[in-house]
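Let's go through this one together, question by question. Have a look first, then read on.

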Amino acid sequence: MARLKQLVAVLLGLHLVWWLAAWVLNRPILPGPVTVYASFPNLLHEQIGWHIYFSLYRLFWSLLIATIIGVITGMVIVRFPKVGRYLDPLIYLTYPMPKIAFLPVIMLLFGLGDVSKIIMISFIVVFQVIISVRDHVAAIPQSLYQTFTILAASRWELFCFITWPASITGIISALRIALGTAIATLFFTEVYGTSFGLGYFIMDAWYRLDYPGMYAGIIVISVVAFALFGALNLLERLTVKWQKDEINA
Amino acid sequence: MLAVNALSAGYERPVIQQLSFEVATDEILAVIGPSGVGKSTLLKALLQLIPSSGSVMLNGNPISAKTHTLALVPQDYGLLPWQTVRKNIGLALQVKQHHRLTTDQQALVTQLMATLGLTAIADQYPNAISGGQRQRVALARAFALQPDLLLLDEAFSALDLGLKTRAQQLFLNQWYAHPTSTLLITHDLQEALVLSDQLLIMTKNGTEQRANPLAQLPRADRPQSAALFAAEATLAKEVAAWQD
């Protein structure tokens, strides 16, 4: 209940600032909240449901691919140090590169459809997943492995009982960071080769100088992102029960 | 019985050189010495977690995780944070046996939890229990294995004095019920004198195995004994002198 109150307070504050800014600026480029919300019924005519569906579809596949590649790579770097010695510098060397600059190459190789969009987003967020999972696996105390190694545990058992459960928090926190980046990248990728997706919707409204529609699209993308963060929090609560009720002992 | 002969081990340079000692099946050997002298290296070498030379025989055969049951209680207790107390205890047994726990083994886990006062927190996670309780879970896990060799690596060090005495008493009660070759690695001379039958004194200038001067006293009486403080003072002086 307290969280709901905080959320309402934040939303009210945000809207107040928005309304004041619109009032001070007094230009069509920044309509006030009332004008924007009044345009919401139009969203249904403009098939907003399909725009949300296509954006979610692209986000889902790109995050899934980035998570699978990122989790495997992050674990391999730590658990197979001989391979890690080569992978680690490679990751650090390529992580700071502006990957969006490769968009023309990816478009050329994979076309203008969903495949190039999904690959672009995966390519950008996979590094965040790799680094987060690698750090979480590297932070597992050696005593955990030692306790089970001396019981003749197999590599598979060590993975199932130690490495995998320890990585789950890393995966979820990586997804939380990656989600923000993924949505920002999604926006870029939806401005070409499609007439569906929230990125397209916002840019299309902008080109038509439909500013209330553009801001309505921004609000929709924010609400979708908020719901996805909420879903991640729920997933964390369901899978990482052991982190609750921590006490200082 | 654990028989170590001419054991040498280390990382870049040997930390342990030509070390030999024995621990009978109903004996606790305390390995004492200052920090950085190689106590943990010795433990890793015994468990074959690092390369070593020399021979380590357990009950007449070369020590091996596959043929022997080895149990370790590390300083941080090595509990899996994502498993409950009951599962932490049972899982070690399950991994060792490569099958799910039988009814008898489940009963053993339940009985050990009762003996060590863990029944009320059986379904809690390690993050939600106190340090003293975590230490007892680690002990229960080790005893559930009914090991051929039990290794305690500074297992009582993180506890405050009151908890430490209680934990040591609980440990001894359980150990008397199922004695096994035990190596107690500690930097606490009093703990070594209270719990052990023999001492392995490690300093940078050499090692020496000798009987605990309090070995004639029952372990339960040692904490109250004036001889404990005298022996502790003498030992502290000796270790300090050896170190110089």
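**Two chains, side by side**

Along its sequence, chain A runs α-α-α-α-α-α-α-α-α-α-α. This is a predicted model, where local features need pLDDT of at least 70, side-chain atom pairs count only at pLDDT 80 or more, and totals for chains, interfaces and linings use all residues. Residues are numbered from 1 along each chain as its sequence is written, while chains are lettered from A and ligands numbered from 1 in the order in which they are written.

Q: How many helices and strands are there in chain A?
A: Helices (H or I, at least four residues) and strands (E, at least two) are DSSP runs, numbered from the N terminus. Going by that, chain A has zero strands, and its helices number eleven.

Q: What share of the 244 residues of chain B count as buried?
A: A residue is buried if 20 or more other C-beta atoms, placed from the backbone, lie within 10 Å of its own, exposed if 12 or fewer, and partly exposed in between. For chain A, with 249 residues, the buried share is 28%. For the 244 residues of chain B, it's 43%.

Q: Which element gives the most to the side of chain B that touches chain A?
A: Contact means C-beta atoms, placed from the backbone, within 7 Å, and 23 residues of chain B are in contact with 21 residues of chain A. Strand E6 (70-73), helix H2 (85-97) and helix H4 (131-144) of chain B each supply at least two residues of that side. With four residues, the one giving the most is H2(B).

Key: Contact = placed C-beta atoms within 7 Å.
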